[in-house]
Amino acid sequence: MKCGFCISACPVYREELVESAVARGKNQLVRGLLSGELDLTRELEERLDKCTLCKTCTQNCPAGVQIPSVIIAARADKVRHRGIRFPYNVVYRSILPRRILFGRVVRAAGLAQKLFFPKGEGTLRHLPLILSGLGKGRRIPEVASHFLRESVKEVNSPPAGTPVKLRAGYMTGCMTDYVFPDLGIKLIQFLTRNGVEVVVPRKQGCCGAPVYMGAGDFETGRKMADANVAAFGDLDFVIVDCATCGSAMQDYARYLADNEQREKLYSEFGKKVIHITAFLVDILHLPSEAYQAAPDVRGKRVTWHDPCHLNRHMGVQEQPRQILKSISGIKFVEMSEPDRCCGMAGAFSLHFYELSRKIVDRKIASIVASGADIVASGCPGCEIQLMDAISRHKLPVKVMHIMELLQ
Amino acid sequence: MLDQAIARKLKSIVGEENLLLEKEDLLTYSYDATNIWIHMPDAVVLPRTTSQVSSVMKLANEYKIPVTPRGGGTNVSGGSIPIKGGIVLCTTRMNRILSINKATLVAEVETGVVMQEFNQILAQEGLFYPPDPQSAAGCTVGGTVAENASGPYGLKYGVTKQYLLGLEVVLANGDVARLGGITIKNRMGYELTTLFAGSEGTLGIITRITVKLLPLPRAQRTMLAVFDSTETAGEAVSRIIGRGILPAKIEFVDNWFLRRMEEITHLGLPVEAEALLLIQSDGDIESADREIQQIITICRDIGAREARAAADEIEANKLWQGRRSAFSAVYSSAPSVLSEDITVPRDKLPDLIKRCNEIGKKHGFPIHMVGHAGDGNLHPAVLTDIRDKENFSRASRVIEEMIEAALELGGVLSGEHGIGLEKQRFMARAMDPVALRIMKEIKHLLDPNGILNPGKYWEDRGVDHHRGEEIQGNRTFSQGS
């Protein structure tokens with residue numbers, strides 16, 4: 001397929017305007033690699049890495065070609081052949097899979113952040129990015145002084161007098177755990193108040209997205225998937241507030257299953273994974289009265305940014321909008337191109353920071369044009385990207401997770 | 001390989017970031033949207049200004065380096081493939097919309113503006129630019145001028161050349177020419193502007209384009225009509241036009257295409273239909289509704305199994321989305337696809353469909369058909385595999401006979417896809433020899449060294465590489481999808 005209908009859809013192409021940026025070009029590069037016409041050079045690697053996996057190409061492809069899968073597969077192939085570059089290999093192979101060690105590294109990064117970097121506006125600071133030490137002056141939120149899982153119990157029951165309607169697991173995700181613990185606390189409180197017993201399994205780890213989707217390290221990814229599947233055991237729901245975690249876990253079966261047993265295990269697990277907004281709307285069927293604006297957002301105009309992993313990967317578009325329209329006390333406004341990629345895409349924004357900035361600047365223009373005071377989203381990854389850009393442009397817009405809007 | 005000194009000069013003209021020399025980049029400029037030809041360029045330049053284009057052309061002309069212009073690379077004729085190597089001059093980084101004048105209904109754009117984005121911005125002003133090649137999501141405005149492109153809207157609104165008011169073009173020697181102007185009427189000298197419409201990059205590099213616009217129609221209505229035979233569907237088209245009704249679009253889709261489209265899109269298309277007509281009326285609400293009703297009556301009278309308006313906008317969008325997938329539907333069906341673009345006078349469409357079916361039967365090749373029926377423009381496709389010599393040569397014969405049939409019916413080789421590599425072997429047969437001679441003289445006048453998109457348009461055996469095994473030099477033909 002070489003029709004090129006993906007051209008105007010691709011956020012990377014839109015900035016680079018070269019064929020290797022777009023799905024059609026990448027597809028041909030992978031074919032060149034498979035046919036032996038191209039070698040696995042650094043140049044080829046870099047071109048395949050220049051993809052946010054936003055899936056907009058697939059959405060616009062008349063033949064439904066799954067370019068993101070091709071890219072992930074090619075990345076995996078690359079890892080098999082030559083490994084991942086230092087220092088990423090240390091991070092992906094040794095640190096991320098081990099939760100406690102990862103926590104220590106994050107904490108050390110947090111200390112370094114306090115010691116070596118001046119305090120920026122609000123709570124944002126210049127900081128070499130936690131995972132890689134290659135933040136290039138990015139302003140991101142500082143590491144929390146208390147991690148989420150140090151602050152909450154393993155089993156969180158509804159308050160006395162509220163009957164237990166459902167029992168659900170909560171995958172906190174690294175960002176919420178280490179950077180936005182208040183979001184996690186709020187989410188747990190909201191759920192328990194609405195009759196959900198929230199279990200935060202202690203043995204859960206990183207979802208594996210940066211490891212297997214970003215870096216193509218399937219072997220390590222499989223270990224992480226096994227750990228998470230075991231951690232959530234027989235819980236019927238695995239709630240995520242992070243769309244990236246959610247889509248990575250839904251896709252375990254697609255990418256990581258290497259035998260029938262894992263195939264079965266991963267598919268069953270994938271079906272349990274649900275984004276918090278979908279859980280509230282489709283499972284709990286909360287009435288609109290349940291959604292009350294938190295005091296600090298009352299009277300504000302709020303717009304919604306569709307995270308790619310939520311919208312195109314997890315297929316959740318309407319639920320967050322339904323919640324936003326239900327929250328009494330705020331005004332929901334739609335921005336133009338709400339589903340365009342923000343350019344974060346994990347390690348992508350580290351490898352290609354300048355490009356990532358150009359992509360997010362278009363998003364910022366949409367947000368500004370919408371006249372919103374707050375841009376809400378459902379993925380801490382996108383939020384960090386948006387915070388960085390908004391801070392860079394010194395705009396009076398706040399970035400919040402949709403759950404933070406609720407009382 | 002490009003000479004090092006030339007590479008250095010190119011770099012000094014466009015800057016390092018606008019010059020691609022790595023194999024990994026060159027490969028991505030070795031193809032277009034067809035799946036028969038592939039050829040690697042030696043360099044790709046992505047100029048940002050007209051003066052950079054001019055400098056590149058001066059250099060190329062001095063050293064006689066082939067230059068193949070390219071926009072989005074979505075063309076379906078082989079036209080943007082650098083079949084002689086050399087430089088691909090890609091215009092995608094010249095992508096500013098320079099002006100949209102609502103008072104005069106005129107816009108000026110740089111050549112690399114993506115068609116769909118242009119129309120999205122115009123829509124915010126209540127305007128539109130009608131030429132609608134189905135590749136709008138990827139093709140550039142400059143590319144549509146070079147190909148004189150069109151699509152379903154051709155029926156009511158015409159083709160690209162009818163919207164061209166002015167052009168800025170860079171000639172082979174680097175001279176910059178401004179042709180036409182910004183007025184709707186302009187009777188100064190020869191029509192040089194339209195000369196470049198359909199020139200396929202052989203006469204110059206189009207850098208700026210001035211076009212006229214239309215106000216967006218207030219209402220659009222879609223209908224569908226299901227027929228038990230392709231020929232009856234063709235007759236329905238002739239009868240609609242014959243009654244003096246000119247809807248915005250009349251699209252024809254046969255059963256094979258319908259099934260393939262449904263397979264890849266899952267839109268719920270009426271796959272049981274032997275042939276489907278998809279029709280759109282533009283106007284105000286009353287006139288569009290009235291026109292649709294008239295067409296429904298005509299279709300029923302002629303024996304349509306079903307003829308009805310789309311239930312709502314959602315169904316209408318689905319039907320058109322299905323239609324847009326036709327290209328993918330066919331090109332993803334076989335290792336090699338020969339998709340034709342023959343066009344006959346509108347009233348000869350039923351004859352053309354009939355002849356194509358007969359030719360297919362004779363050679364044992366099913367002919368799959370989709371087309372802009374209202375324009376008499378049919379895209380019959382033959383699925384083959386270029387690696388299977390016997391099969392491929394039989395498929396090529398089918399194509400030849402279909403083209404022959406179209407010409408006999410007073411038609412042309414290509415309605416909108418252009419000549420490129422795909423149709424050059426038929427040019428001498430299809431064109432008046434004097435007209436062909438004038439064309440060659442124009443080409444020689446504007447590009448005496450023959451550096452602009454060489455190897456295209458006319459067949460020049462011995463120097464030319466074309467279809468099939470002859471092009472194995474640099475990179476061979478593609479192996480399908």
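Helix α21 (residues 380-392) of chain A lies across β10 and β11 of chain A and runs at about 175° to β11(A), where axes are lines fitted to C-alpha atoms, for helices over the stretch in contact, and angles run from 0 to 180 degrees between N-to-C directions. Helices (H or I, at least four residues) and strands (E, at least two) are DSSP runs, numbered from the N terminus, and two residues are in contact if their C-beta atoms, placed from the backbone, lie within 7 Å. The model is a predicted one, in which local features need pLDDT of at least 70 and side-chain atom pairs count only at pLDDT 80 or more, while totals for chains, interfaces and linings use all residues. Residues are numbered from 1 along each chain as its sequence is written, and chains are lettered from A and ligands numbered from 1 in the order in which they are written.

Four strands of chain A form an open sheet in the order β9-β8-β10-β11, with parallel pairing; two strands pair if DSSP finds at least two bridges between them. Its edge strands are β9 and β11 (398-401) of chain A, each of which pairs on one side only. The parallel strands β8(A) and β9(A) are joined by two bridges, and V302(A) stands opposite F332(A) in β9(A). Helix α18(A) also packs on this sheet, touching β8, β9 and β10 of chain A, and its direction makes about 175° with that of β8(A).

Within α18 (residues 318-326) of chain A, P320(A), I323(A) and L324(A) are buried, a residue being buried if 20 or more other C-beta atoms lie within 10 Å of its own, exposed if 12 or fewer, and partly exposed in between, with C-beta atoms placed from the backbone. An α-helix has 3.6 residues a turn, so residues three or four places apart point the same way. On the other side of α18(A), E318(A) and K325(A) are exposed, whereas the buried residues of the helix pack against α16 (276-283), β8 (301-304), β9 (331-332) and β10 (374-377) of chain A.

The domain assignment of chain A gives domain 1 (8-81), domain 2 (88-141), domain 3 (148-281) and domain 4 (287-405), with bounds that come from an automatic or database domain assignment. The C-alpha centres of domain 1 and domain 4 of chain A lie 27 Å apart, and eleven residues of domain 1 of chain A are in contact with 13 residues of domain 4 of chain A. On the domain 1 side of this contact, α1 (11-16) and α4 (56-60) of chain A each supply at least two residues, and α1(A) gives the most, with three residues. By class, that side has four nonpolar, three polar and four charged residues, where Ala, Val, Leu, Ile, Met, Phe, Trp, Tyr, Cys and Pro count as nonpolar, Asp, Glu, Lys and Arg as charged, and the others, Gly among them, as polar.

In chain B, the assignment gives domain 1 (4-92 + 443-471), domain 2 (97-215), domain 3 (219-325) and domain 4 (334-422). The C-alpha centres of domain 1 and domain 4 of chain B lie 29 Å apart, and their contact takes 16 residues from domain 1 of chain B and ten residues from domain 4 of chain B.

An open sheet of five strands in chain B has the order β5-β6-β10-β8-β9, with antiparallel pairing. Strands β5 (97-101) and β9 (176-180) of chain B stand at the edges with a single partner strand each, so one side of each is left without a neighbour in the sheet. Strand β5(B) pairs with β6 (residues 106-110) of chain B in the antiparallel sense over four bridges, and I97(B) has V109(B) as its bridge partner in β6(B). Helix α3 (residues 50-63) of chain B lies across β8 (164-170), β9 and β10 (205-212) of chain B, running at about 50° to β8(B).

The contact between the chains takes 25 residues from chain A and 33 residues from chain B. Helix α2(A) gives the most to the chain A side, with four residues. Y29(B), in the loop between α2 (23-26) and β2 (43-45) of chain B, is buried, with 27 other C-beta atoms within 10 Å. Leaving aside its neighbours within four places in sequence, Y29(B) is in contact with E19(A), P41(B), V44(B), R70(B), V88(B) and C90(B).
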